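Hi,

Here is the structure you are taking over. Have a look at it first, then read on for what was found.

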Amino acid sequence: MRPMLVGNWKMNGDGTCLPLIAAIADAAARYPGVEVTLCPPATLLDRARSIAPALGLGAQDCHAERDGAHTGDLSAAMLREAGADLVLLGHSERRHDHGEDDALIAAKLRTARAAGLRVLLCVGETAADHAAGRSVAVVREQLTRSLGGADGEGLAIAYEPVWAIGSDRVPEGAEVAAIADAIRDSFPGEAPRVLYGGSVTAENGAALFAQGGIDGFLVGRQSLDADAFTAILKAMLQASTVRHRHPEGGHCDR
Ligand code: PEP
């Protein structure tokens with residue numbers, strides 16, 4: 001399975017950022033060993049699709065209903081028409097700032113799939129859950145409820161500890177690998193790709209990826225800089241070589 005790198009611009013970026021999108025598309029084309037998807041604000045999807053026809057593009061959210069009286073919201077089909085092929089669902093900023101619960105996320109997932117979008121479903125524990133040693137249990141429960149019975153088809157999971165997002169703190173590689181395994185074990189059939197997200201840089205990304213257990217990254221701040229984002233892409237490719245030399249997961253005592 002090709003590793004995946006997803007950039008989430010959140011509520012950042014306007015028409016002046018099109019050269020940045022072009023630069024990211026260029027890097028994605030130069031390094032096809034990693035599947036790259038960029039999630040700019042929905043207002044840029046259409047223009048991004050015009051200037052970067054081959055780049056993976058994602059939306060950052062969609063409504064749970066197919067259409068209707070939902071002022072200000074965007075449906076999965078609208079986002080698909082604008083150029084998205086994927087949608088992020090369950091990002092912690094939506095769970096915590098907008099009160100989205102697992103049942104709503106499961107409904108969004110069903111609607112997104114019906115509209116032909118792939119889904120990157122985000123799960124992750126809070127600092128309090130982490131401190132109490134409840135990370136695996138919380139993530140498993142969130143996952144089961146947010147999936148609402150959906151299988152792994154067209155799906156990727158982002159493990160994003162809430163305390164690591166935007167904080168410059170990252171968990172230990174072994175901890176990330178154990179949670180990624182628990183996520184994979186939750187799928188009876190073929191498991192989806194499991195990404196890690198939360199303060200990823202080229203430096204910590206190289207170490208996390210070489211450790212093994214994850215299939216890529218969901219990146220916030222560092223995706224707003226083409227050089228920083230490309231550095232993460234290159235670090236993943238370099239770390240893949242380390243993983244191949246240490247197939248048990250890239251653990252190395254030195
Ligand atoms: C995110 O928003 O999903 C994220 C991981 O942000 P950052 O990389 O800035 O921590």
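The ligand is surrounded by 13 residues, counted when a heavy atom lies within 4 Å. The closest are Lys10, Glu160, Gly166, Ser199 and Arg221. By class, this shell holds three nonpolar, seven polar and three charged residues. Here Ala, Val, Leu, Ile, Met, Phe, Trp, Tyr, Cys and Pro count as nonpolar, Asp, Glu, Lys and Arg as charged, and the others, Gly among them, as polar.

A word on the source: this is a predicted model, where local features need pLDDT of at least 70, side-chain atom pairs need 80 or more, and totals for chains, interfaces and linings use all residues. Numbering starts from 1 along each chain as its sequence is written, and side-chain values use heavy atoms, without hydrogens and water.

Now the ligand's oxygen atoms. A polar side-chain atom of Lys10 lies 2.5 Å from one oxygen atom of the ligand. A polar backbone atom of Ser199 is 2.8 Å from an oxygen atom of the ligand. For Gly220, a backbone N or O atom lies 2.8 Å from a ligand oxygen atom. The protein buries 99% of the 290 Å² that the ligand exposes when taken alone (Shrake-Rupley method, 1.4 Å probe).

Best wishes

Methods:
A polar contact is a pair of N or O atoms within 3.5 Å; within protein, one must be able to donate a hydrogen and the other to accept it, and residues adjacent in sequence count only if both atoms are side-chain atoms.
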